[in-house]
Amino acid sequence: MTAELVRGQNHPLPDTRLELRVSAGHPVVAGATLGDERGLVAGAEWIAHPGAPVRPGVEVPAAPAAEHRVAVDLAALPETVHRLSLLLALPPGAGGPARFGTAAAPFVTVADPTGAVVATYTITGLDRESAVVALELYRRQGAWKVRAVGQGYEGGLAELLADQGAPAAAELAAAVLDAAAPAGAPASAPAALTGAELAASWTAPLSTRDRYVVDADGDRFKLKSGNWAGAQGTYEGSGDVGDPANHQADQMSHNIPLGLDRTPIDRILADFHALGLNSIRLPFANALVHDTTPVPDAAVAANPQLRGKTPLQILDAVVAELTDDGFAVILNNHTTSYRFCCALDGNERWNSGQSTRQWIDDWVFLAKRYKDNQRVVGADLRNEVRRDTWDDPNWGWGDDHDLNQAYEQAGNEILQADPDLLIVMEGINWQGIPTDLTPHGRPTLTPVATLSNTLIHSDKLVYAAHFYGYTGPNHSGATGMGETTDPRYEDLTPEQLVKVVDDQALFVTRSGQHFTAPVWISEFGAGGRGDLDAKERDWFTRFTDILVRNDSDFAIWPLVGWTGTDGRPQDSWALISYGRTGERLSLLEPGDWRSADWAKLVGAPARAGTIPQAPRWNMLNLDHRDYDVSVTMLAKPDWSPGNRKGNCPDTQRLVGLGRGDSRGLCTDAGRPAKGSGAWTVVTDERYVTGGDWASGYDKLQCPDRSFAVGYSVRNNAMAALLCAPAATALPTTGRTLWFDRGDNRPATGGSNAGDWAPGHYKGQCADHEYVAGVASTWKWLHYGVPDALLCRPLV
């Protein structure tokens, strides 16, 4: 389990080979000092820094950056070294902060050779310091531990090195910073790419690896997105629908993306390029899919080629223009009707105003419609699911309001229609009645910690969350009626905001867990030009700092609005506003306070290049129904009639089971290839070989040279085991792993920090093992639930 360290706390290290990861949100110099038993540094040769990045047992980056990875091999350190200290220093003249207290708190992660996170530490409490000892690895009685230090120095790197006994500390510090100086230029927004340049910079389709979105070449594709709103509808629900005064910000979209009446689409796209975007979130209403009425000519006055087209046909044209110009497009089902979101408006759930079946059918229709355009990269399944007048949405209850279940069904049917699409799942936006006397809150992605989603193609899942300063973790965002005394996000301290955003969303990006996936902050924003709300401004700066520090994918709301006759934006939140005759007022032009934060966000250093393949862990949830995420088995008849059954994705195998709750865990760690033979359903002990590995228990055991990929239960008792043949011979020696009296899971390795069967004992084979059998009994009131696993090595 990952240790979240506080200052002064230590934690044992499981391995001598480690990776120290730094996320600072702004360029810092990373270095390391090697100390003796007293922690003293003997000389310059005991310091790794950009001018001398490699020392025995440690290698640091050769330039300042907001993100660092430091390689450590404790076994390769000289015998006289008993302490390795990780140093961070602010490079002078880099255009960034001059002291740590004015920037986001640095975040440090210690990971083992598999990438599993051992410990984390957020360095809080810094003020005027420009150098800090982040943490130290130290040897005590032959064992290595990590300690969170967080000791800052107002005198900078020179004072830090002097404190560690380094000779000529001032000269040495100057040399270190001079070596870092060539790379110390300030981060800024990149030069705008042309459509051809953007198109050449990535290859469709997109998928995921660990917490990152990657393109078809395996290279990181960070979603730098904006919401081009309008096709979801702008009518606010009362008065004449034909009167712009009854539409959001007096902007009548005619149910197509805003701005097409005022500016040619090629100019709009050029303005998107200038903002540094590479992807567009396109909200739409289900009503658009079925709308056969052409929009009025006035709605597309600046784009006469669109005259006579329906909203869906115009969406087709917009998608084609965007993708031809290099943008990735993610479709977002925002509303059911054309009513503007988001309140008690009839659009609260995916099945508000329509059936779940109709909602899924609409998605499958669109997936097939755009299948040949691989730059349509994603399906964002539903926007801001929330309570209606009478009922809450839930996550995992198995009823008509179960968002987790609806996402599973829709996502897998979409992938059967188009296996290339990313499936984007936003968490629950609101539950409860917002009064100080009734339960209420904004779960967002919190339920994913114990009930995540598994798709038939496990590299296609992206989670999403929305954050606005005027709302809060338990604040609806209302003023007056419906307002509670709960704090808004903008009321939180910097430390509280960091913690809440992590608890509600960014925890999902932690590696090696059943829930690990990219998190796309698919809506956030603030009023810009003319906005005098100091709290909102402060929140926006702090929130974008969090996005930078976490290297987060994002989409700002909204991109396009109108400018009124007075020359002012009608919706100050829009990044670009257009006048009646096409006059543009952009965030990039003088007078918009958000421009500095936007440049910081779009131009921030980010993980780039090839993202290596990483093992996946995914859970099976048989709480209420079958959980079949195997393409192979979906094409076959029911393999265990009358029982609830779960099948791992075709690229994975079963590695763990919960006792008494029918949940399971799958992985592709070790990746044993499946053979071409038939899969075997095991319902008795005919394949038990190699001795009685669970005496007195009923045993379901796969045939030799096969491994478990699924299981079925009646109530929660074991009914059958599904086994797939291996392409090569597998070892038949193994061990019995009992979990009838408590959890029995690996101390290190996959999903060890994620509880995929809360409240129940869990048995889990090691990452290098496969499940060859399951033992259960009806004796002693065990009721046939799994009590033990037969774990065998993969090699």
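How many bridges join strand β18 to β19? Three of them do, and the two strands, β18 (residues 376-380) and β19, run parallel. Two strands count as paired if DSSP finds at least two bridges between them, and helices (H or I, at least four residues) and strands (E, at least two) are DSSP runs, numbered from the N terminus.

Before we go on, a word on the model. This is a predicted model, in which local features need pLDDT of at least 70 and side-chain atom pairs count only at pLDDT 80 or more, while totals for chains, interfaces and linings use all residues. Residues are numbered from 1 along each chain as its sequence is written, and side-chain values use heavy atoms, with hydrogens and water left out.

Ala-379 stands opposite Ile-423 in β19. Strand β19 (residues 422-426) is mostly covered, with five of its five residues buried; buried means under 20% relative accessible area, exposed over 50%, and partly exposed in between (1.4 Å probe, protein chains only). In a regular strand the side chains alternate between the two faces of the sheet. Here Leu-422, Val-424 and Glu-426 point one way from β19, while Ile-423 and Met-425 point the other way.

Eight strands close into a barrel, in the order β15-β16-β17-β18-β19-β22-β23-β24, with parallel pairing. From one strand to the next the twist averages 25°.

Helix α6 (residues 311-324) lies across β16, β17 and β18, running at about 175° to β16. Helix α8 packs on the sheet too, touching β18 and β19, and its direction makes about 165° with that of β19. Contact means heavy atoms within 4.5 Å, and axes are lines fitted to C-alpha atoms, for helices over the stretch in contact, with angles running from 0 to 180 degrees between N-to-C directions.

Helix α8 (residues 403-417) also has a helix partner: its axis and that of α7 (residues 356-369) come within 9 Å and cross at roughly 30°. That makes α7 roughly parallel to α8; angles under 35 degrees count as roughly parallel, over 145 as roughly antiparallel, 65 to 115 as roughly perpendicular and the rest as oblique. Among the residues in this contact are Trp-359 and Trp-363 of α7, and Tyr-407 and Ile-414 of α8. By class, the contact of α7 with α8 has 10 nonpolar, two polar and three charged residues. Here Ala, Val, Leu, Ile, Met, Phe, Trp, Tyr, Cys and Pro count as nonpolar, Asp, Glu, Lys and Arg as charged, and the others, Gly among them, as polar.

The axes of α1 (residues 156-163) and α2 (residues 169-180) come within 8 Å and cross at roughly 130°, so the two helices are oblique to each other. Their contact residues divide into 10 nonpolar, no polar and no charged.

Our last stop is an open sheet of four strands, in the order β34-β39-β40-β37, with antiparallel pairing. Because β34 (698-701) and β37 (735-738) stand at the edges, each with a single partner strand, one side of each is left without a neighbour in the sheet.
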